[in-house]
Amino acid sequence: MRYDKWIGLCLKHRAGGIWSIAFFYFAGLLLPSGLYAGAWPQDSHHGQIILTYSFMQTSKAYDEGGAIQKFGDDGEFRQIVLNPYLEYGLSERNTLSINAQTSFLRYQNNYGSQSSSGFGDVEFAVRHRFNAPESPWVLSGQFTVMFPAYSAHRNPAPGNHQEDLETRLMVGHGSTWAKHHIFWDAQAAYRSRFGAPADQIRSDWTAGIDLHKNVMAMAQIFNTWSMHNGTPMDEITNPNAQSDYNVHKAQISMVFTTPHRTRIQAGWTGVLKGRNVGGGQTFILAFWKSF
């Protein structure tokens, strides 16, 4: 679908997600804080919560051929997301995670605007470490179930309103270099998506280094490739919710440790390359707590 044909008629703003955002925000602050886990499981009966705020605004998208183009009629898309993420160690090798999103979305052009807010997709995952806990290398597998927590009639929609199943292989390693702790994490996954969206192959890469006892730097790459077995969807008013897309993103961030074991992460994410997906940059701010 061409982006210059997006619907521009003005609809009433929906603000049903405000109370849910408030709930997760204060819940995150009240929980007693952790490091990036990746392939590593959480300690038994311990965990972490990461509450992330992100902001994206763009007037461009990648088309079917991967070329960047501006939206027609001076169109502009804005996405604000509050993302609570929880991990909890069920045992020495098994970790449960819950990943939820509440979003404020808006698309506008010369003819009007459309806005929506509320819950997005929710993911439940179980991670299992295959090798011995004392090994400096970590090899884990993860199974994820995703489902929509919003109406199929919401517009702009935060997703494709379908269920997903994902299997993921994760490997990580930590060591010391020049008296600084460093780690890296690599992941590969296949995601089966029911309904119109195409299945996907995903890979994520993360590297981190402790610059100071209270400062960590992280660099990350996120890749998604479509399997081209999806069905085109009509009336897409969110460039990040196409049914068939590729996207490659880079993220750099700094994590600062504050008193009471709270960590604050600030960073930037940019789209390096894509197809049928929004372009532009995303700015993130996150609060980490371990318990």
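Strands E6 and E7 pair in the antiparallel sense over nine bridges. The model is predicted. E6 also pairs with strand E5, again antiparallel, over 15 bridges. A nonpolar surface patch draws its largest share of residues from E7.

**Strand pairing around E6**
- E6 covers residues 112–129, and E7 covers residues 137–148.
- E5, which spans residues 94–109, is antiparallel to E6, and the two form a hairpin with two residues between them.
- Gln 108 has Ser 113 in E6 as its bridge partner.
- Burial is the main state along E6, where 14 of the 18 residues are buried.

**Nonpolar surface patch**
- The patch has an area of about 490 Å² and is made by Phe 124, Phe 143, Val 145, Phe 147, Leu 165 and Phe 194.
- Three residues of the patch come from strand E7.
- In a regular strand, side chains alternate between the two faces of the sheet.
- Leu 165, another member of the patch, lies in strand E8, residues 164–177.

- Gln 42 sits in the loop that runs between helix H1 (18–30) and strand E1 (47–58).
- Its relative accessibility is 13%, so Gln 42 counts as buried, the limit for that class being under 20%.
- The side chain of Gln 42 makes a polar contact of 2.8 Å with the side chain of Glu 87.

How values were computed:
Residues numbered from 1 in each chain as written. Predicted model: local features only at pLDDT ≥ 70, side-chain atom pairs only at ≥ 80, totals over all residues. Heavy atoms only, no water. Patch = residues over 30% accessible without salt bridge, like charges linked within 9 Å, V, L, I, M, F, W, Y side chains within 5 Å. Areas by Shrake-Rupley, 256 points an atom, 1.4 Å probe, with all protein chains shown as cover. Salt bridge = Lys/Arg side-chain N within 4 Å of Asp/Glu carboxyl O. Helix = DSSP H or I, 4+ residues; strand = E, 2+ residues; numbered from the N terminus. Buried < 20%, exposed > 50% of the residue type's maximum accessible area, 1.4 Å probe, protein only. Polar contact = N/O pair within 3.5 Å; in protein donor to acceptor, adjacent residues only side chain to side chain. Pairing = 2+ DSSP bridges.
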